[in-house]
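Thanks, everyone; let me put the chain up on the screen, and then I will walk through its annotated spans, its helices, its core and its ligand shell.

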Amino acid sequence: MPSPRRNAEGRPLGASVSSSSSSPGSPAHGGGGGRFEFQSLLSSRAPGTDPTCARLRASESPVHRRGSFPLAGTGPSQAPSPPLPEEDRMDLNPSFLGIALRSLLAIDLWLSKKLGVCAGENSSWGSVRPLMKLLEISGHGIPWLLGTLYCLFRSDSWAGREVLMNLLFALLLDLLLVALIKGLVRRRRPAHNQMDMFVTLSVDKYSFPSGHATRAALMSRFILNHLVLAIPLRVLIVLWALILGLSRVMLGRHNVTDVAFGFFLGYTQYSIVDYCWLSPDNARVLFVLWKQQ
Ligand SMILES: CC(C)=CCC/C(C)=C/COP(=O)(O)O
C-alpha cells in the first residue's frame, strides 16, 4: 500500500495542525474540548483565510515547537523552523489581547449568569424579584425627569432653578449618551432576562451600558455635590446606587461589565455636567424663554 504523501514537517497531508482542514466533530470544531476555544481565540478570521494566522497557528502548535527543538525532534525529516520575522512576533500581541478580552468576556457571562438569581419568578431568589423591580423604577429615567420638571416649576428661588436646570441637562445628556452607545455597541441583553421592564426606548433591547447604572452614578454624584445632607443620608445615597447596579445583574437585565461601564460613564457624565455648568444668568434666561413658550 503506498504511504501517504507528507508535508515539510513529516505529517501526512490532510492532518495539518491548522484548523483549515477541520470537519464537524473534529477538535477544531469543538469536539476536542478546550481546543476549539483556543483556536477561535487565536484568530477571529475564517480558518485558512489569513496567511499570518496560519503561520501563527503552525508556529504555536506543540507539534511544531517539538520539531523546532533539536534534541526532541520527532523524525529525521523535520527541518528546524526558522525564527519568526520581527513583524510576525509583533502580530502575537493582538492575539494575546484578544485572548485576554475573550477570557474577560467569558468570566463576565459566567458571573452574570451566576448572579442572575432574580431573573425569573422561579429563580433561586425569585421571591425578591418584586423588590428588585421597585428598585428598578427608582433608577428609571421617567420618574427622575418628571420629578425634576415638577421641582423646577414649583421652585421659587433662582438658586434652586439653576441647580434643577443643570440636573435636567444632566438627565438628558445621560439618556442621549446611553442611547448612542447602546445603538453603536448593540450588545444583546442576557438570555435569561425577561423583557418586562417599565417603559423602554427601542435601544433598550440592548444592554451595554446599563442606563440605570449610569443614572445611579450620575445622580448620586450630583446630589452629593449639590445638596447639603447629613452623613447617614449620604451613605444611603451611595448604597442606593451600588444596590441598584447590583440589582440589574440579579434581575438578569445586564452582564456585570454593562453595569461596571455604566457606573464609569455616569461618573464621567457628572464631570461633563460640572464642567459645562449653566451659570445662574444662563439658567435664568433659558428658564424664562422656556416658560414663555
Ligand atoms: C423612557 C425613558 C425616558 C428612559 C428609559 C429608561 C430605561 C428603561 C433605561 C434602560 O436601563 P437599563 O439599560 O439599565 O436596562
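I begin with the record: an unreviewed UniProt entry lists residues 167–185 and residues 222–243 under "transmembrane region", and with UniProt the positions are given in the numbering used here, feature names are shortened, and annotations may be inferred rather than shown by experiment. Residues are numbered from 1 along each chain as its sequence is written. What you see is a predicted model, in which local features need pLDDT of at least 70 and side-chain atom pairs count only at pLDDT 80 or more, while totals for chains, interfaces and linings use all residues.

How do the two spans look in the model? Residues 167–185 are 100% helix and 0% strand, with end C-alpha atoms 27 Å apart, and residues 222–243 are 82% helix and 0% strand, with end C-alpha atoms 18 Å apart.

Overall, the chain has 11 helices and zero strands, where helices (H or I, at least four residues) and strands (E, at least two) are DSSP runs, numbered from the N terminus. Of its 293 residues, 27% count as buried, meaning that 20 or more other C-beta atoms, placed from the backbone, lie within 10 Å of the residue's own.

Turning to the core, the largest nonpolar one has 30 residues, and those with the most contacts inside it include L167, A170 and F222; such a core is a set of buried Ala, Val, Leu, Ile, Met, Phe, Trp, Tyr and Cys residues joined through C-beta atoms within 7 Å. Helix α7 (158–185) is among the helices that each supply at least two residues of this core, and α7 gives the largest share, seven residues. Leaving aside neighbours within four places in sequence, F222 is in contact (C-beta atoms, placed from the backbone, within 7 Å) with L167, A170 and Y270.

Y270 takes us to α10, where the buried residues include Y270, F263 and V273.

Finally, which residues are closest to the ligand? Of the 14 that surround it, the closest are G141, T200, S210, G211 and H212, a residue being near if its C-beta atom, placed from the backbone, lies within 6 Å. Helices α6 (141–154) and α8 (211–226) are the elements that give two or more residues to this shell.

Methods
Buried ≥ 20, exposed ≤ 12 C-beta atoms within 10 Å, placed from the backbone. Contact = placed C-beta atoms within 7 Å.
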